[in-house]
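Hi everyone, thanks for coming. Let's look at one structure together and talk through its ligand site and a pair of its helices.

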Amino acid sequence: MTLAENLQRVQQRIADACRAAGRNPEEVRLLPVAKTWPAERVRELAGLGITTVGENRVQEARAKANELADLGISWSIIGHLQTNKAKDVLAFADEVQSLDSLRLAAELHRRLAAADGLRGTGRPLRVYLQVNTSAEDSKFGVTPAETLDVARELAGFDRLHPVGLMTIADPDPDRARECFRTLRTLRDAIAADPVASAAGDWAELSMGMSGDLEAAIAEGATVVRIGRAIFGERPPHAG
Ligand SMILES: *Cc1c(COP(=O)(O)O)cnc(C)c1O
């Protein structure tokens, strides 16, 4: 399978899932996840019309962003971010989907305020609040119980622009659907809360990966993050 064929298959899966759910395919954004794959594969993908790419490790993402600077790709960070890496991320990324603590929010905000917005443009950083819907210890994210409070607190960081919620579902397909439903319910609660909703748009639900994108779209995903179905299987233990 070529990259072009894989990409087309994924786009078809998204279209089919939207049709099955009675949704407009334009409501669902495909975010290819390039972790572990070399810059050249990302260049190939960009040649197929892809303009945004997800990465979960800052150093790896930054190296690719430098190497591919001519392409104007918009980089999205989807992996846990240590506060001491906030500065590195702001050097190249346009969005952080893995905002998982107020401590990280405060650090990103502080750095953005000092730089007058994202790379001096005055623009805020797009962020997704990550929720640990599967309650697995190994996963990052705020708990469902604290999500609304954290969303309210984000109103205090005007250099961050919350656009929605992100989750990584339980690997068990039956439980995955429950995780996606939880995320949507939380988003609806935020939208109905005057303080939290004033802090951002909260329209986006980033949920669904190669193995569970159909269930995620059925539950309202607006962003699906796809690695393996586009690039192929990653080498073992590579994240
Ligand atoms: C790797 C990764 C993905 C993509 O997973 P695939 O199963 O390869 O599609 C999505 N989201 C996050 C946060 C990831 O780390």
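**The ligand and its neighbours**

Start with Ser-210: one of its polar side-chain atoms sits 2.5 Å from a ligand oxygen atom, a polar contact being a pair of N or O atoms within 3.5 Å. Taken alone, the ligand exposes 380 Å², and the protein buries 94% of that (areas by the Shrake-Rupley method with a 1.4 Å probe).

Remember that this is a predicted model, where local features need pLDDT of at least 70 and side-chain atom pairs count only at pLDDT 80 or more, while totals for chains, interfaces and linings use all residues. Residues are numbered from 1 along each chain as its sequence is written, and side-chain values use heavy atoms, leaving out hydrogens and water.

What lies 2.8 Å from an oxygen atom of the ligand? An N or O atom in the side chain of Arg-234 does. For Arg-228, a polar backbone atom is 2.8 Å from a ligand oxygen.

Residues surrounding the ligand include Val-33, Lys-35, Asn-56 and Met-209, where near means a heavy atom within 4 Å.

**Two helices**

Now find helix 6 (residues 144-153) and helix 7 (residues 173-191), DSSP runs of H or I with at least four residues. Their axes, lines fitted to C-alpha atoms over the stretch in contact, are 10 Å apart at about 30°. So helix 6 is roughly parallel to helix 7, the term for angles under 35 degrees.

Notes
A polar contact is a pair of N or O atoms within 3.5 Å; within protein, one must be able to donate a hydrogen and the other to accept it, and residues adjacent in sequence count only if both atoms are side-chain atoms. Axes are lines fitted to C-alpha atoms, for helices over the stretch in contact, and angles run from 0 to 180 degrees between N-to-C directions. Angles under 35 degrees count as roughly parallel, over 145 as roughly antiparallel, 65 to 115 as roughly perpendicular and the rest as oblique.
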